[in-house]
Amino acid sequence: MSFLKRAWLSITRRTGKSLLLLLIILILGNAIAGAISIQQASINVEKKIKADMGAAATIRVDYAAMDKLWEEFQNNPEDMPETAPPTPELMQMIGESPYVKYFDYSTESRTGSSALQRFIPQFFLEQDMGMNDDWDKYYAFILRGVQYHKILAIEEGRLNLVGGRVFTEEEINQGAPVAIISKALAELNHINIDDTIVLTNYVMDYQNYNDETGMPNISKEIDNPVKVIGFVEAATTPASQNQSSKNEGDKWNQAWTEQQNVNTVYMPNGFISKINRNYRLSEIEANPEMYDDVKLDDMQFDWYEPIYILNSTDDIEKFKEEVTPLLPERYLIATAADNYENIAAPVEQTSKMANYVLIVAIVASVLIVSLVVLLFLRDRKHELGVYLSLGESKSKVLGQIIAEVLIIALVGIVLSVFTGNLIASGLSGSMIQAQLEKQAEGEYWGEVYYSSGINDYMNSDLTMEDVAGAYEIRLTPSYVLIFFLVSMGTIALSTLVPMIYIVRLNPRKILM
Amino acid sequence: MSILETKNLTYYYQDGESRRYILNDVDVSFEKGKFYTIWGQSGSGKTTFLAMISALDEPQSGQVLFNGTDIKQIGYENYRRNRIGIVFQSYNLIPYLSAVENVQVAMSITENKLPEREKEVAYNLLDYIGISRSKANRSVTKLSGGEQQRVAIARALSTNVEIILADEPTGNLDEAMEQEIVDIFKKLAHEHGKCVIVVTHSKEIAEQSDIILHLHKGALRQYE
């Protein structure tokens, strides 16, 4: 009768104690399994959402470093070193990194138009959220500069070219007055391909205000005629727009995004640069007292923002590592996935809680299982003494006890794989739902990233509901493997104290 | 020729500066085919002596020799596994096993060569000791005290050892049962050539042994 057979007979014939240990392991196993399920689901959400957010990166100011700089020089701001933005040449150089699939850099401008009607989403019209005032009209259209003639958004599948053509390299290089507009804007204004539209810069006289409107008087209107060469429309409707979103913040976000997209006019960087320069010079001319200490030679008329589409989200960290040393001081690489924490807060919080539960469950398991096994062993000390008196080696006695605990643990753990998963599914689902409802009340609105422009790539149409939708507790091989490793490790750890007890057994003291 | 002997076997408890000797330079030898009793009053050190010769405890000095070899050299576990069988006062059977399984446990631990069909051998051994096959299949907790001690004796014998050591084996039994157990020990010594060493405080049992060794004040002497 080998020690393994003895272990088996002990389990099957001491059913009360075996079942008690099984029950304890099952309860603790469920806590561990549940926590690991939630962690795994959170990791999967992170992977999925980050993949959906895209492998986009840009260069932006490091706000923390700027704050630090301000703090450092608050008493002598004149000595503060300048923070020079990255040049288009540097953006170009970074774009040649092997991790980059496509890249573009873009300048931006805003204009109004006396001839064109801008698009306002129904949601804003219904809400009367101040989107229809005069001031807004002067800056109704977003002129988005393009350096990559095929247009990144089209290459990336975010936009479809539904009429006309994209730019030629020549048009880009020459800064030609050509534009690609959204189909919705074209339909709203009855624009056809090859039509010329006029975008107008309104130069304000900030010294003289209109008494009725409270707005500065317009000192000059600069018309910028451009030829429309193509129409685009969004390639896909964001998943969130298909759902009847309950979250007001999400609705606002969607309407804002739609308004930005429809009112965006794609033009070569060079042409926007000319528009910006003319406008700024006219503004200086109209408001000389505001610019009396500005030297025109030192003035910068354009700011460029780059966007890099990486080969894969897995390349983000490697790209950051490679490129960061090239950046000007107080600039950093930001990626679309950086925003994950904002929209996935409920999942993150649940995951954090699961981490605590896991740690507590492991510690509790080690303590409780150790004590229970130890108590059972004290009951069986005569039996253990008999084995030793019969000349059985301590290693085999240890082997028997370990085998007993592991067999019972294995049954408990196998059951926990399923039950823990089920419990976690129900529990974490309602926890995330509760968090979502809390966010829907507006507590977290400020954390949602609403910026526009080239940052479309950095933003995401994904909502908290998309995150909740991606959250799924499943029985995956990795979950099963991790759970087995963690729980069996915990059980192994739990047998340490009982093992010490056995090693210290003295058969004479027990039996005589 | 002696199968088991002790040389200068000494065991004491340290009590501050002084020592309380339980066994003091005990020299004794045991032969096969004889039934020995170690007799003495309670607290005289009988069980300590048995613990020394059964390698359940270690003397402070002196030796226990099996066939002339120090059991320390043989290895205590090895010695217990292959050279001796021990019977305890409180039987010390494994409660969740049947009588035959208790015997099988010992048979599976020893490295001595045993006949094949282990279980059949265990049944036969139990039958010889007075435990029928139907009782042999019962859980030991359902057997009487006398029957449990028989199972313990069968377990001690099952490993085919030459020395049987027993610590107050009848201490928990009534008189009739006590005699039956003593008869078994006699039979084992006289008919099967075993060296049987029984620790007892009972004069009646001691008088039935071939040699009585009286333990008194740390000295072990043959009792005439």
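## Where the two chains meet

In this predicted model, 20 residues of chain A are in contact with 23 residues of chain B. Two residues are in contact if their C-beta atoms, placed from the backbone, lie within 7 Å. On the side of chain A that touches chain B, the elements giving two or more residues are α1 (3–13), α16 (381–389) and α21 (507–511) of chain A. The largest share, five residues, comes from α16(A). Helices (H or I, at least four residues) and strands (E, at least two) are DSSP runs, numbered from the N terminus.

By type, the residues on this side of chain A divide into seven nonpolar, seven polar and six charged. Here Ala, Val, Leu, Ile, Met, Phe, Trp, Tyr, Cys and Pro count as nonpolar, Asp, Glu, Lys and Arg as charged, and the others, Gly among them, as polar. The model scores ipTM 0.91 and pTM 0.66.

## Numbering and thresholds

Residues are numbered from 1 along each chain as its sequence is written, while chains are lettered from A and ligands numbered from 1 in the order in which they are written. Local features need pLDDT of at least 70 and side-chain atom pairs count only at pLDDT 80 or more, whereas totals for chains, interfaces and linings use all residues.

## The two chains

Chain A has 21 helices and eleven strands. Of its 512 residues, 38% are buried. A residue is buried if 20 or more other C-beta atoms lie within 10 Å of its own, exposed if 12 or fewer, and partly exposed in between, with C-beta atoms placed from the backbone. Among contacts in chain A between residues at least 6 apart in sequence, 88% join residues at least 24 apart.

Chain B has nine helices and ten strands, and 51% of its 224 residues are buried. Of the contacts in chain B with a separation of 6 or more, 70% are between residues 24 or more positions apart.

## The nonpolar core

The largest nonpolar core has 185 residues. Such a core is a set of buried Ala, Val, Leu, Ile, Met, Phe, Trp, Tyr and Cys residues joined through C-beta atoms within 7 Å. Helix α2 (residues 15–53) of chain A gives the largest share of this core, 14 residues. In soluble globular proteins, nonpolar side chains tend to be buried together.

The residues with the most contacts inside the core include A:I32, A:M267 and B:L126. Leaving aside neighbours within four places in sequence, B:L126 is in contact with B:A99, B:V100, B:V103, B:I131, B:A136, B:V151 and B:A154.

Most residues other than glycine have a negative phi. B:D25, in strand β2 (residues 18–31) of chain B, has a positive phi of about 50° although it is not a glycine. B:D25 counts as partly exposed because it has 15 C-beta neighbours inside 10 Å.

B:K217 is also not a glycine and has a positive phi of about 50°. B:K217 sits in the loop between β9 (211–216) and β10 (219–222) of chain B. With 10 other C-beta atoms within 10 Å, B:K217 is exposed.

## Confidence

The predictor's confidence in each residue is pLDDT, from 0 to 100. Chain B averages 88, and 100% of the residues score at least 70. Chain A averages 83, with 90% of the residues at 70 or above.

Within chain A, confidence is highest in strand β6 (residues 178–182), at a mean of 95, and lowest in helix α10 (residues 239–242), at 48. Over residues 443–453 of chain A, pLDDT stays under 50. Where pLDDT is low, the predicted coordinates should not be read in detail.
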